[in-house]
Amino acid sequence: MLSRFLPIHDLTDRNNDMSFDFSKFIPSIKSDIQDLGDRLKIDMDLPGFTKDQVEVKLENGILCISAVKEVKEDTDKKNYICKERSSTTLHREFNVGTNVTNEDVSAKMENGVLEIEVQKKEQPTEDSIINIK
């Protein structure tokens, strides 16, 4: 059957055709890492996020960065033709070594760019000789 082409219907109908659940994937945060000699500098783009929506934590030598933005679900449709914005969760991890402490890490956020600096520390080298019996 022939039907009249209405581009706006094409936009709204495609969302209903999606049967794959994309929510199982957490996108990674793109980053630039610089070696500044005594420290590493990590710049991460987080456009649209505020510093209150971003968490930086250090766990067992792993620097974990996560950002969560909740979009309020509008129960009243308000004549939307297309609504693409949704809640977003981003996550990224870096191995910085078990000898790095919270005092060795600093973070600031400005204009949607998170800047993290991690002081470099030498990993302790422990020679462990095993006696042969």
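Modeller: Start with Asp104, which is buried at 12% relative accessibility. Buried means under 20% relative accessible area, exposed over 50%, and partly exposed in between, with a 1.4 Å probe and protein chains only. Residues are numbered from 1 along each chain as its sequence is written, and side-chain values use heavy atoms, leaving out hydrogens and water. This is a predicted model, in which local features need pLDDT of at least 70 and side-chain atom pairs count only at pLDDT 80 or more, while totals for chains, interfaces and linings use all residues.

Asp104 sits in the loop between strand E5 (88–95) and E6. Strands here are DSSP runs of E, at least two residues long, and helices are runs of H or I, at least four; both are numbered from the N terminus. Beyond its neighbours within four places in sequence, Asp104 contacts Asn99, Glu117, Val118, Gln119 and Lys121. Contact means heavy atoms within 4.5 Å.

Now the sheet. Its four strands are ordered E1-E2-E7-E6, with antiparallel pairing. Strand E1 (31–35) and strand E6 (105–110) are the edges, and each pairs on one side only. From one strand to the next, the twist averages 15°. Axes are lines fitted to C-alpha atoms, for helices over the stretch in contact, and angles run from 0 to 180 degrees between N-to-C directions. Strands pair if DSSP finds at least two bridges between them. E1 and strand E2 (residues 39–45) run antiparallel and share five bridges. Asp35 has Leu40 in E2 as its bridge partner.

Next, the charges. Side chains of opposite charge can pair when their charged atoms come close. The structure has eight salt bridges. A salt bridge needs a side-chain nitrogen of Lys or Arg within 4 Å of a carboxyl oxygen of Asp or Glu.

Asp35 forms one with Lys120, at 2.7 Å from N to O. Asp35 is in strand E1 and Lys120 in the segment after E7, so this pair ties together parts 85 residues apart in sequence. Asp35 is exposed at 52% relative accessibility. Lys120 is partly exposed at 38%.

Glu117 pairs with Arg39, and their closest N and O atoms are 2.8 Å apart. Glu117 belongs to strand E7 and Arg39 to strand E2, so the bridge links parts 78 residues apart in sequence. Arg39 is partly exposed, with a relative accessible area of 23%. Glu117 is also one of the contacts of Asp104.

Among the contacts of Ile65 are Met44, Leu114 and Ile116.

Last, confidence. The chain averages a pLDDT of 79, and 72% of the residues score at least 70. pLDDT is the predictor's confidence in each residue, from 0 to 100. Over residues 5–15 pLDDT stays under 50, and the model has two contacts beyond four places in sequence for that stretch.
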